[in-house]
Amino acid sequence: MEWHSVVHCVFEPRNASLLILAAAVAAIGGAYAYESLGYLPCELCYKERVPYYAAFALAPLAAFAAQTGRRGMARAAFLLMALLFAGNAILSIYHSGVEWKIFAGPSDCSGPLSTAPSVADFMKQLQSVKVVRCDEPNLWIFGLTLANWNVAISAVLAWMAVLGARRIRP
């Protein structure tokens, strides 16, 4: 089988949507596995999961619509996934910049730590609030943080969604 025909098969709309769905399931599964090891995600990490959850619905919709000849619906689902993942790549670039102290992060997860006026207030804060800072990554994989990896993964998924939309037969 030629390389060109393999690429052609992979980016057929149904196959592209199923690959996006598989990547979304793997990413969210990995996130839950990461949490089960005791690592808590920050606020930006939670926001970066939204496109993956959206892909749980949009990818099967795109596959179904493409298979049943609903070209407009399939194209719309692919383009929405492309926009969501492209936006996610941008959000992940911002998150990476926060981790590298290039950008100021959201005040709720990277601002200055406030001090409690009394020990009782401090104990109350400890029981009610668990802040995970966006500017202090707690896991590095091959020299990159999860936000860094998410830039590449989201960009690839956006590209796959665009290719899926372009491959829908007129």
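**Close-up 1. Packing of helix 2 against helix 4 in the predicted model.** Helix 2, spanning residues 13–36, and helix 4, spanning residues 50–67, pack with their axes 8 Å apart and at an angle of about 165 degrees. Because angles over 145 degrees count as roughly antiparallel, helix 2 and helix 4 are described as roughly antiparallel to each other. The crossing in which helix 2 passes helix 4 is left-handed.

**Close-up 2. Residues in the contact between helix 2 and helix 4.** From helix 2, the contact is made by Pro13, Arg14, Ser17, Ile20, Leu21, Ala24, Val25, Ala27, Ile28 and Tyr32. Helix 4 contributes Tyr52, Tyr53, Ala55, Phe56, Ala59, Pro60, Ala62, Ala63, Ala66 and Gln67. Sorted by residue class, the residues of this contact comprise 17 nonpolar, two polar and one charged.

**Close-up 3. The salt bridge between Glu35 and Arg49.** The count of salt bridges in the model comes to one, and in the pair formed by Glu35 and Arg49 the closest N and O atoms are 2.6 Å apart. The pair links distant parts of the chain, 14 residues apart, with Glu35 lying in helix 2 and Arg49 in the loop between helix 3 (43–48) and helix 4.

**Close-up 4. Solvent accessibility of Glu35 and Arg49.** Arg49 has a relative accessibility of 8% and therefore counts as buried, the cut-off for that class being under 20%. Glu35, with a relative accessible area of 21%, is partly exposed.

Terms used. Residues numbered from 1 in each chain as written. Predicted model: local features only at pLDDT ≥ 70, side-chain atom pairs only at ≥ 80, totals over all residues. Heavy atoms only, no water. Axes fitted to C-alpha atoms, helices over the stretch in contact; angles between N-to-C directions. Helix = DSSP H or I, 4+ residues; strand = E, 2+ residues; numbered from the N terminus. Parallel < 35°, antiparallel > 145°, perpendicular 65-115°, else oblique. Left-handed = near helix turned anticlockwise from the far one by under 90°. Contact = heavy atoms within 4.5 Å. Nonpolar A, V, L, I, M, F, W, Y, C, P; charged D, E, K, R; others polar. Salt bridge = Lys/Arg side-chain N within 4 Å of Asp/Glu carboxyl O. Buried < 20%, exposed > 50% of the residue type's maximum accessible area, 1.4 Å probe, protein only.
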